[in-house]
Amino acid sequence: DLTLLDQRPFLESAKALVFASPYLRDRYQLPGEVIAPGLSGAPAASPARGQAIAFAGAVQLHKGGKLLPDIANALHQRGKILHVFGRGDGDLLHTLRALPNVKVHGYYTAGALPSLLRRHGIGLVLVPSIVPESFCLTISEAWAAGAAVAALDIGAQGERIRQHGGGWVTPLDSGAEGIVRLIDQQTQIAIPTDIPLARDAARAYL
């Protein structure tokens with residue numbers, strides 16, 4: 001993450017630095033290796049892309065949780081349901097549960113998200129984080145399920161989608177309206193299959 005940005009002398013004294021993404025290395029402006037975090041299991045072979053829409057991850061303010069009710073209301077006007085996977089802020093979850101077109105599935109165990117997305121026919125995963133992420137494992141999990149991603153263009157989440165495809169980005173200041181526009185304008189898109197795996201990351205560290 002970015003919590004060590006003010007610890008440059010400490011970082012410069014290290015024998016080696018490993019960053020989760022090129023974005024993170026660029027932010028620190030220090031030489032080092034990029035080793036992407038990996039999924040514990042390989043993606044399903046050519047998973048079928050569904051039609052449903054979901055948010056996955058921590059329902060927190062910095063993860064864009066405050067944008068979700070506006071996104072859900074816009075989807076309701078279009079006759080669409082928003083699935084929410086993950087736990088988070090109690091007040092935000094209470095607000096979402098009160099909406100007629102939101103299905104809150106709650107907590108899921110590590111590594112289970114790709115199979116959950118496939119089971120519920122998710123074809124688009126929303127990543128509305130309003131802060132830069134260092135990698136965004138949710139994007140890998142969405143791609144492993146055959147789902148595209150719609151995200152705000154910030155941090156590694158924006159960098160990964162712009163570099164590899166598999167989704168769309170909208171400017172950070174476009175907020176919920178920008179995410180809804182991506183939903184309305186989405187087209188058929190190729191989903192990356194070369195997704196980092198945990199065993200690959202382990203080998204790279206060794």
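In which strand does Gly-106 lie? Gly-106 belongs to strand S5, which covers residues 102-106; helices (H or I, at least four residues) and strands (E, at least two) are DSSP runs, numbered from the N terminus. The model is a predicted one, in which local features need pLDDT of at least 70 and side-chain atom pairs count only at pLDDT 80 or more, whereas totals for chains, interfaces and linings use all residues. Residues are numbered from 1 along each chain as its sequence is written, and side-chain values use heavy atoms, with hydrogens and water left out.

Gly-106 has a relative accessibility of 14% and therefore counts as buried, a term that means under 20% relative accessible area, with exposed meaning over 50% and partly exposed in between (1.4 Å probe, protein chains only). When its neighbours within four places in sequence are left aside, Gly-106 is in contact with Val-84, Phe-85, Gly-86 and Arg-87, where contact means heavy atoms within 4.5 Å. Gly-106 and Gly-88, which are 18 residues apart in sequence, are 8.7 Å apart in space, C-alpha to C-alpha.

Strand S4 (residues 82-85) contains His-83, which counts as buried because its relative accessibility is 8%. The side chains of His-83 and His-105 are joined by a polar contact of 2.8 Å; such a contact is a pair of N or O atoms within 3.5 Å, and within protein one must be able to donate a hydrogen and the other to accept it, while residues adjacent in sequence count only if both atoms are side-chain atoms. With neighbours within four places in sequence left aside, the residues in contact with His-83 include Ala-52, Ile-53, Lys-103 and Ile-122.

The structure holds one aromatic pair. The ring centres of Phe-19 and Tyr-28 are 5.8 Å apart and their planes stand at 40°, so the pair is tilted; rings of Phe, Tyr and Trp (its six-membered ring) pair if their centres lie within 6.5 Å, and planes under 30 degrees apart count as stacked, over 60 as edge-to-face and the rest as tilted. Phe-19 counts as buried at 6% relative accessibility, and Tyr-28 counts as buried at 7%.

Helix H6 (residues 137-144) is mostly covered, with seven of its eight residues buried, among them Thr-138, Glu-141 and Trp-143. The elements that cover the buried residues of H6 include strand S3 (52-56), helix H5 (113-119) and helix H7 (155-164). Gly-146, which follows H6, has a positive phi near 80°.
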